[in-house]
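The topics are taken in turn, beginning with a single residue and its contacts.

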Amino acid sequence: MSTDIQPKGPTVKGPAAWFTGDVYFNAYYSGTGASRTRLNLVRFTPGAHTAWHRHAVGQTLHVTEGLGYVQSRGGELITLRPGDTVYTPAGEWHWHGATGDQFMCHLALWERPDSDEAETEWGDLLTSDEYPAAPTVGS
C-alpha cells in the first residue's frame, strides 16, 4: 500500500490543441499492471477550458477550488463549485474549465481502456458562442 501520492514529474502546461487559455496539470497516479487508473490535478486560469473531447472509459472530475463549468454536447451547462463531483460516461463528448473570472482546479480520474483504443479523443476547440461569456460569481 502506498500513502505517499505525490506528483509524478513536473507540472506540465496543457497544449494549445487541447486547451484554450492557460491550463496546467500534474500527473499523480498512473496505474500499472492490472490497474488502469489515471489521476491528474488540473489547474485552469480564468477563462481557460478544454476542447471538446471524450474518454474511452469515462471520466470523473472532483472540483477542489474555484468556479468552473462542464457541459456535454447538446446538454445543459453545469456550474462547478468546490466539492462538486461529476461523471461523464464513456464516449460522451464534453468540455470543462474555469469561469471567465475565476480560477478552477479539479482532480481528473479516468481509466485507460483494456484495448488499443485511445484513452482520450480530442475534438475541436470551443467557439466563442459555445463558451459562456457571463461570469457566475454570486449565482
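Gln59 is found in strand β7. The model described here is predicted.

**Gln59 and its surroundings**

- Gln59 has a relative accessible area of 5% and is therefore buried, since the cut-off for that class is under 20%.
- The side chain of Gln59 makes a polar contact of 3.3 Å with the side chain of His94.
- A further polar contact, of 3.4 Å, links the side chains of Gln59 and His96.
- Leaving aside residues up to four places away in sequence, Gln59 touches His53, Val86, Tyr87, Thr88, His94, His96, Ala108, Leu109 and Trp110.
- Among these contacts of Gln59 are Val86, Tyr87 and Thr88, and strand β10 (residues 85-88) includes Val86, Tyr87 and Thr88.

- The side chains of His106 and His96 are joined by a polar contact of 3.1 Å.
- With residues up to four places away in sequence not counted, His106 touches Asn40, Leu41, Val42, Phe44, Leu61, His62, Val63, Thr64 and His96.

**Strands β7 and β10**

- Strand β7 (residues 59-66) runs antiparallel to β10, and four bridges join the two.
- His62 stands opposite Thr85 in β10.
- In a regular strand, side chains alternate between the two faces of the sheet.
- In β10, Val86 and Thr88 belong to the covered face, whereas Thr85 and Tyr87 belong to the uncovered one.
- Gln59 touches residues of both faces, including Val86 and Tyr87.

- Strand β1 (residues 12-13) and strand β3 (residues 23-30) run antiparallel and are joined by two bridges.
- In this pairing, Lys13 stands opposite Tyr24 in β3.
- Seven bridges connect β3 with strand β4 (residues 37-44), again in an antiparallel arrangement.
- Asn40 in β4 is the bridge partner of Ala27, and Asn40 is also one of the residues that His106 touches.
- Six residues separate β3 and β4, which form a hairpin.
- Within the turn of this hairpin, Gly33 has a positive phi of about 65°.

Conventions: Residues are numbered from 1 along each chain as its sequence is written. This is a predicted model: local features need pLDDT of at least 70, side-chain atom pairs count only at pLDDT 80 or more; totals for chains, interfaces and linings use all residues. Side-chain values use heavy atoms; hydrogens and water are left out. Buried means under 20% relative accessible area, exposed over 50%, partly exposed in between (1.4 Å probe, protein chains only). Two strands pair if DSSP finds at least two bridges between them. A polar contact is a pair of N or O atoms within 3.5 Å; within protein, one must be able to donate a hydrogen and the other to accept it, and residues adjacent in sequence count only if both atoms are side-chain atoms. Contact means heavy atoms within 4.5 Å.
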